[in-house]
Amino acid sequence: MTTSHRVGHHFLDPRATNGATQHLGDHYAGDVYQNFNNSSQFDSDPLDLLPAVCNASFDAASRQNGPFCLDDTRVEILERIMLWSDSASNDKPIFWLSGMAGTGKSTIARTIALKLQEKERVLASFFFVRDNAASESAKDFFTTIAKQLATSEDPALREKICAAIRNNRDIVHKAQRLQWQKLVLKPLTQLCEERQTPRDRPLAVVIIDALDECNNQDNVREILRIICGYGGLDHARLRIIITSRPETPIQLGFEDMPHILYKTLSLDDVSHEIVNADLIVFFNHWLKEVRGRHGGLSSGWPGADSVTSLVARCGGLFIYAATLSRFLLQNPKVCHGRLNLIMEEYQVSSNNYLEPLDRMYLTILRVSADDTSALSDHESETLQEHFNHVVGSIVVLQDGISAEALALLLRMPMMNVVGILHNLQSVIRYFQDGRAIRLLHESFREFITDSKRCTELRFHVEPERAHKKLLDDCLETMKVHLKQDMCNARDPAATIEKLQLNTASKRCPLLPHVRYACSDWLEHGQKSGLDLGNYGQLSEFFYTHFLHWIEAMCCMGKLAKAVGYVSTLLESPTLECRLEKFLQDAKRFLVLHGGTIAVYPLQIYSSALTFSPQNSLVRREFSLKKSDWLTRHHPARGDWDSSLFESHGAFPTTFSSNGILLAFTTVAEWPECHLQVWNVDCGTLVYSMRVSAGLSAVAFDPTASHIAFSVRDISSGSSDSDIACDESSSSDLGQDIDSTCDLATDNVDHVLRGHTEEVQKIVFSPDGTLLASTSSDHTAKVWDAYSGSLQCTLAGESCLPEISFSPDSNMVDFMDLDIDFPGFLRNKFSSDGSIFAVYAVGAQKVYLWRTADLSLCSVVSAVSGRPECKFELSDDGAYISIFDNKTMRVSEVASGNERVVLNGGYIEGIKFAPHANSIVSGSIYFGPITLWDISQTASPREASVIEHAHQITASADGTSITFISSALDSRKSSLNLMNFGQDHAPPSAQCVEYDYPIEKIQLLPESQLAFVSADVKEEHATAYLLDSGAWAAPTPIPPCEALTVSPSGLYLALAGLDHRIHIRHTPMQDSTVCLTGHCTAVQMIQFSPSDKQLVSVSTDEQVFLWDTEGQSAPVVLEYGPGQKIGRIREGVFSADEKLLACAYWNHPGKNRSPSVQLWNLGTGEPSRGLDSASSFLRTRTLSFSPDGRYLRTAEQTFDLSKSPTASLDLGTPMIVDPDHTLWITWHGKRVMKLPQGYRFQQYHSHDNILAIGYNGGGIAFLEFDPQKLREALGI
């Protein structure tokens, strides 16, 4: 096998692939090439950022053997088009060449392109092909055109286009209208304006062939609308040639724009005499080629009469002549016999112009079939099955693949596939170099799938049957090839870019046929006529390979498509009950973890499985698929709650009109803010751009092609009064409203200035032509959304937070009613203006009126009487949600009946989705943003008060976890003990509630004894000894300054209010030893491992080392020179008690001091400081390795041995990354991404145990194998 060589534009030699792969030189058909994000590559060639369909250009490698018009054929047509294209000025710069199938449109288009290329004209071409996914899609149409123009004959034009890319770095993500304007029209226009003489100005041509073969008719209309509807073609000296069948959408598209379309030319209207004359030239040319290859035919063969007869049989179709020529050239030695077969066919007069072509196709199929007379019936049937399988698959393929890939997909020997294709070269083209198989003309597909045209049933391809076989082939291929970590990255935090690089470097078994199977199996299933809801093979696939398939789709950047597949199957009315429940769970699993696994696919086996609820069906089904370094894990939740989507972000937010897109700001890495747009139905990030600060208002237009927003002024705490729209030169917006096309807002069209104070709300008119904004300056302004011009200003006597348009976009209503009601009020209108709500804070009620007649609908009670209690109305005024900072209550406006109660995170704002079946909540400054399902009544658990976990502590053997849980506004607290069994059995739990807040827990050996202290007056502690068998009756201890229990659990040490330390046996009430020495309050006491020594630290920073038997005076531990310390946090001895480490809160001041002090107790030397940051969220930060070589602190591990031999401390605990990226790290390597619900939660990490609180209540627990994790991370 040889690699495909480069032909035509240099961008056909890709730097990297996007959604494609190269394996052993194979090109997965329709590859879209795009560079990975790499600044150095961008600096070298901006064109690398533009995705381009390599097979689309007329001179692509896949078309190198394609036909051109022969000399002396199509002369008048070619001259007419070339004369038009050379016209220096033309007010109708679009030429539409139409014709029925087989009339030679594409050949004419290729010939025109070649002539223009030979004349060194600026040229670009896009040839749509139906059997090639990328070449039939309009997704990368405009970037492909731009890239070809930049790589054609004019270096100055290349520089203009490159400059446009530099100024619009996110142009790939922008609307196609902007791509056309910025990358094509504007560079060409600028070049024409800069050049003085018409001779020097480029006259560019874009050729679009077979537009009717674009896979989406909406895309066809959009392409026509963009290139025809925005003008500027003549100023850019740009000519566009379009060829297609006379399809209705294209006809209608041109009929709507007669002002720009040059008089069309239909090949169907060309006179028969001209067509037949061209066909005679065509036949004579190819018959001469046949004679030359045969070697024994006379120079006049087959004779003028035969040629005339052949022309008559063509019926004006050049595809007939071309197919017949290929049929004869396929095997020149038997050309005479083959020609006789065609000539002997009975020519019947018919009104169907395709009938001659059908007869020839049938003859070709008969000849291609092997002679089976000497074969057994079984052998004949096998050959026929192979033929039907291969040809049927090629006809219904959703995307082009190579012959090798097809053989692997069909699980058929390559020689069998090649043998079948070799006999069909006149209708199907295949290559030995890995290029995609393709039909030579669409008419063959139409013929062989129509039983009325393909009259011999042995050749007829029944589409449903072919699709079913391909579905089975796809499922079997995935079963065989998909596996965990199929790209062999090993790194659980490997990004999609790294996995794709592994794919490109041939280290991944994600071969072209596997990629095809993963991406297209559902299309075949939907077209197979099968009841997929009860198809056993599909169910089996999901139960065994679901996670592997998702990993593969993530590696290809197609997670959204995978979620779409799941959603499509869920719509099946006959879906089998078990599979339906599994798929419902799977969608929740994918959407809630989509933001992580879309970027880090292997996190599906660690983060997604670990943190999904205990009863998640996906978790249960694939519990054994977890990362092998995870030995035990237990989630914080037992079941999914009502949350549908979660991401880090801040209010305000806005939904698209269909409720699928959600926009908000997020602080990914402080201080950088990003405006992000998410598809909440799939859980995938659609777009992200940097902004200077958070937003004060944001809105989508009705089509979600534009988004407008106002950026807060971080210097004053308010938002700027300016508004900006679509494209300007600034990529870092200050305080404007920004309306951008297709969510691409790195630059903006217009800056709309006029408001003098904070912009409070933005709304588009129903038709998207107008944009209205309200401000705290008591004005509302209406703007033209396209030009950015101010249409009018509306003023009110008070603030105008609410504004809406009439359904026909001709009227705007702003609400400013004077309601006479005593006390402090908050009021609001629904978006449609139908409901007016007033919240009377003193009465703790919300009153709801209909604005049509000012009649009272209902009265709804507030969540609480707190000033922070707020409310929000659904767009249609049907529902109201009243909320404070922790609870949301949704009620029906008409009746006042409560619909659902939800608790979650810190709530400062909410917004209903347009359909009012979901609601999003969040805060203004930090996340998470959570989307809730409110279509059904919430469970009691969701409506209950959420208790947050803190003071998490694990037992020495890692089998038990204790933690305190308490509500934010309650002094009560609960003490929880969880005992974890082996394997994945649910833990046993014990919980007792106390009437006082608990500050500290100390878990003793075998979980038999716990020590609890609670805050009381005068900052002293009241202590309790607690036996695990009688938690409800703790033994009180007198107030003290500090206390601790020895590791053995035998001794209790407490510092009394007189600063003396008392040591006693835990069962006894009286102290046995009294240690005197501190003059100020004791902050910390800690026993050594043997119970024989004790260290204490007081507020005057004195550190004493005591003999617990009180036989000797305390040793005063000195600080090293210049050491400054803060408040003591904790202390720990090494196992041999020769070392002591104490952790302090960092000393306040500009210069951060070392937070850990280390003493060598054997030498008595002063301490040395170790610079290690403090962690406010981690409950235990210090520990020594058993041999004393390593000291583990809050964020790093210190090697104390000074050994030149590097060694890894396997006992280093996991750390939750302090930069708020929610990564769990180990030895500086990312291991596991935490879901948003674990942000800013306390956690315990010691040795190989990690336990972390969840903001919805409870804790998650995991245990890891250090050696296996080391191997996985490649440390």
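These exercises concern the chain of a predicted model.

Residues are numbered from 1 along each chain as its sequence is written. In this predicted model, local features need pLDDT of at least 70 and side-chain atom pairs count only at pLDDT 80 or more, while totals for chains, interfaces and linings use all residues, and side-chain values use heavy atoms, with hydrogens and water left out.

**Exercise 1.** State what share of the chain is buried.

Solution. Buried means under 20% relative accessible area, with a 1.4 Å probe and protein chains only. By this cut-off, 58% of the 1275 residues in the chain are buried.

**Exercise 2.** Describe the largest nonpolar core and the contacts of Phe546.

Solution. A nonpolar core is a set of buried Ala, Val, Leu, Ile, Met, Phe, Trp, Tyr and Cys residues joined through side-chain atoms within 4.5 Å. The largest one has 156 residues, and Phe546 and Trp549 are among those with the most contacts inside it. Helix α21 (residues 536–555) gives the largest share of this core, 12 residues. Helices are DSSP runs of H or I, at least four residues, and strands are runs of E, at least two, numbered from the N terminus. Contact means heavy atoms within 4.5 Å. Leaving aside neighbours within four places in sequence, Phe546 touches residues including Val566, Phe582 and Phe622.

**Exercise 3.** Find the buried residues of helix α22 and what covers them.

Solution. Helix α22 spans residues 559–570. Its buried residues include Leu559, Ala562, Val563 and Val566. Their cover includes the helices α20 (512–526), α21 and α23 (577–597), and the strand β18 (684–691).

Technical notes
Buried means under 20% relative accessible area, exposed over 50%, partly exposed in between (1.4 Å probe, protein chains only). The expected span of a helix is 1.5 Å times one less than its number of residues.
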